[in-house]
Amino acid sequence: MSAEPRLAEVAEPEPAQQAAPGTDQAVKETLEDYTLRFAPRSYRRWTPMVVATTALGGIAYMADFSIGAGIGLAHGTGNALLAIAVAAVVIFVTGFPLAYYGARYNIDLDLITRGSGFGYFGSVLTSVIFASFTFIFFALEGSIMAQGLKLGLGLPLWLGYLVSTLMVIPLVIYGMTALSKLQVWTTPIWLLLMVGPLVYLVATDPGTVDRFLAYAGTDGDGGINTASVLLGAGVCLSLIAQIGEQIDYLRFMPPKTEANKRSWWTAVVMAGPGWVVLGALKQAIGVFLAVYIIAEVGASAAPEPIQQFKGAFDAMMPSWLVVPLAVVLVVISQIKINVTNAYSGSLAWTNSFTRVTRRYPGRMVFVLVNLGFALALMEADMFSFLNGILGFYSNCAIAWVVTVATDIGINKYVLKLSPHAPEFRRGMLYAVNPVGVVAFVAASGLSIALYFHALGDTLQPYSPVAAAVIAFVLTPLMAVVTKGRYYLRRTDDGIAEPLLDEDGNPSAVTYECHVCRQQFERPDVAACRTHDAVVCSLCLSTDKVGDHVLPAAV
């Protein structure tokens, strides 16, 4: 076999090599919803609007109300609304190129990150960042649900934490098929329960709006303060990694064609970066309800969503119905988001573990790992120091997302130093690409130092700005310095069939992997180094001795 294998068509495979331990299990599990893989056209049966509705169902979390309330209570309504708006603009702008790539090329954010400046192993760093996002927000939502169960059923918080953790396991086992049904059917009920109280309060008591707009906060005097706005925006920007969970759904978008391009673009924008529009509205509602609760009950209960909605329902419903409805809202919200957190987190952990160890232990192992981390945070009462956790975490998340978005927007389309079509297969990428890794490490490291006052109290609020600016500047600078040479280890994967069809969509031509004997579409396979056949991306990842991995191009 030559060092440059090339298959003109589907080759008759030679007898398969001994599969890596766990390969059969890996194949079976990952074909349920194409975990760790390119999502093939044959599996993507949903319409653009169904995919969008499913993706938006995953942002039904109650954390936005707590985040908005915390910022508003500390800095006042004016600063809080500006902070929410600033963060929303940054999240939308950076989320757009990522959402487009996920939907257009049918891969998740980790696979996008590999070929957008980080390399095959370099993106393990960001996978851990994303996995951390999922269990931090799982813990936050679980804490909110436990507060609801305590109010409605009298369960102690520790037991509520356990219940909120265990109840998502059966739902997350079945992947995209089950999640799409859950999200579509529960979204109308959730929207009605969330929006109804707000509309009622504004319509029946216009004075609530005046009190809301005039609220000065505990740390302010009612005026606009740059430091307060940036501190608040930093907390909101911890949600920037939510685009990863949106892409976990958007990767199942159907091919973009002339016939469906309007609905395709609408779905991508609405369910991709557009998630932040609803998120920002929820944060603003959180400020509104917190100010309302302060006037009616007192400040201590204001940051808790269960107390916010209990107070709002109190004003419009019989007392016997108030607590049950508030609990139903919290439980529905928690289930909708935490099945997504558990699902996406398990993908991130499994992806990293498989690459580093070249062994696939099963996604359910990492569902349990992620839930274990989340439960530990809940039992440690993370809700009481929520803003501190999110403010710190946002620095890493911003550095990562801005780096990848800049690589796509600038390095691919403007400088043309980064390959236009994303690459994720082992053997095609360098282990580490300094473009993304250097930009990410420098941006997150310096911004974290700022956050912890290493450069003085005056600069501390500017840590999220530093993370974004440094990542935005260093990503193209590193691409120019390295001349883009560390993106691709080789440009030819040994297969003659083009990766993309005439419409620019990933090709649907199928090949049989000679290791696992399963059929895969063109983007998910590469030629084998030692056989006149092809190997799928997961079998390449689990190849311990590198028999199937193509050599570096000369």
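This is a predicted model: local features need pLDDT of at least 70, side-chain atom pairs count only at pLDDT 80 or more; totals for chains, interfaces and linings use all residues.
**Exercise 1. Determine how the span of helix α16 compares with expectation, and how far the helix is enclosed.**

Solution. 
Step 1. Helix α16 covers residues 319–357, which amounts to 39 residues.
Step 2. The expected span is 1.5 Å times one less than the number of residues. For α16 this gives 57 Å, and the distance from the first C-alpha to the last is close to that value, at 57 Å.
Step 3. Of the 39 residues of α16, 30 are buried, so the helix is largely enclosed by the rest of the structure.
Step 4. Just beyond the end of α16, R358 adopts a positive phi of about 60 degrees.

**Exercise 2. Classify the packing of helix α6 against α16 and describe the residues of the contact.**

Solution. 
Step 1. Helix α6 (residues 124–153) packs on α16 at an angle of about 160 degrees, and the two axes are 8 Å apart.
Step 2. Angles over 145 degrees count as roughly antiparallel. The helix α6 is therefore roughly antiparallel to α16.
Step 3. The crossing of α6 past α16 is left-handed.
Step 4. The residues of this contact comprise 20 nonpolar, 11 polar and 2 charged ones.
Step 5. T134 is a residue of α6. With 0% relative accessibility, T134 is classed as buried.
Step 6. T134 and Y343 have C-alpha atoms 8.9 Å apart in space, although 209 residues separate them in sequence.

**Exercise 3. Describe the salt bridge of D314 with K310 and that of D493 with R522, giving the location and exposure of each pair.**

Solution. 
Step 1. D314 and K310 form a salt bridge through their side chains, with an N to O distance of 3.5 Å.
Step 2. Both D314 and K310 lie in helix α15 (residues 305–314), and they are 4 residues apart, about one turn of the helix. An α-helix has 3.6 residues a turn, so residues three or four places apart point the same way.
Step 3. D314 is partly exposed, with a relative accessible area of 40%. K310 is also partly exposed, at 23%.
Step 4. The side chains of D493 and R522 meet in a salt bridge with an N to O distance of 2.8 Å. This pair joins distant parts of the chain: D493 is in the loop between α20 and β1, and R522 is in the loop between β2 (519–521) and β3 (525–527), 29 residues away.
Step 5. Both D493 and R522 are buried.
Step 6. A network of salt bridges links D493 and R522 with E423 and R425.

**Exercise 4. Characterise helix α20, its packing with α19, and the positive phi values of H453 and K483.**

Solution. 
Step 1. The 20 residues of α20 should span 28 Å at 1.5 Å a residue, and the end C-alpha atoms are 27 Å apart, which agrees.
Step 2. Buried residues of α20 include P464, A467, I470, L474 and M478.
Step 3. The helices α19 and α20 pack at an angle of about 155 degrees, their axes being 8 Å apart. That angle makes α19 roughly antiparallel to α20.
Step 4. The crossing of α19 and α20 is right-handed.
Step 5. H453 lies in the loop between α19 (434–451) and α20. Its phi is near 65 degrees, a positive value in a residue other than glycine. H453 is partly exposed, with a relative accessible area of 40%.
Step 6. K483 follows α20 and has a positive phi, near 60 degrees. K483 is not a glycine, and it sits in the loop between α20 and β1. At 68% relative accessibility, K483 is classed as exposed.

Definitions and conventions:
Residues are numbered from 1 along each chain as its sequence is written. Side-chain values use heavy atoms; hydrogens and water are left out. Helices (H or I, at least four residues) and strands (E, at least two) are DSSP runs, numbered from the N terminus. Buried means under 20% relative accessible area, exposed over 50%, partly exposed in between (1.4 Å probe, protein chains only). Axes are lines fitted to C-alpha atoms, for helices over the stretch in contact, and angles run from 0 to 180 degrees between N-to-C directions. Angles under 35 degrees count as roughly parallel, over 145 as roughly antiparallel, 65 to 115 as roughly perpendicular and the rest as oblique. A crossing is left-handed if the near helix is turned anticlockwise from the far one by less than a right angle, and right-handed if clockwise. Ala, Val, Leu, Ile, Met, Phe, Trp, Tyr, Cys and Pro count as nonpolar, Asp, Glu, Lys and Arg as charged, and the others, Gly among them, as polar. A salt bridge is a side-chain nitrogen of Lys or Arg within 4 Å of a carboxyl oxygen of Asp or Glu.
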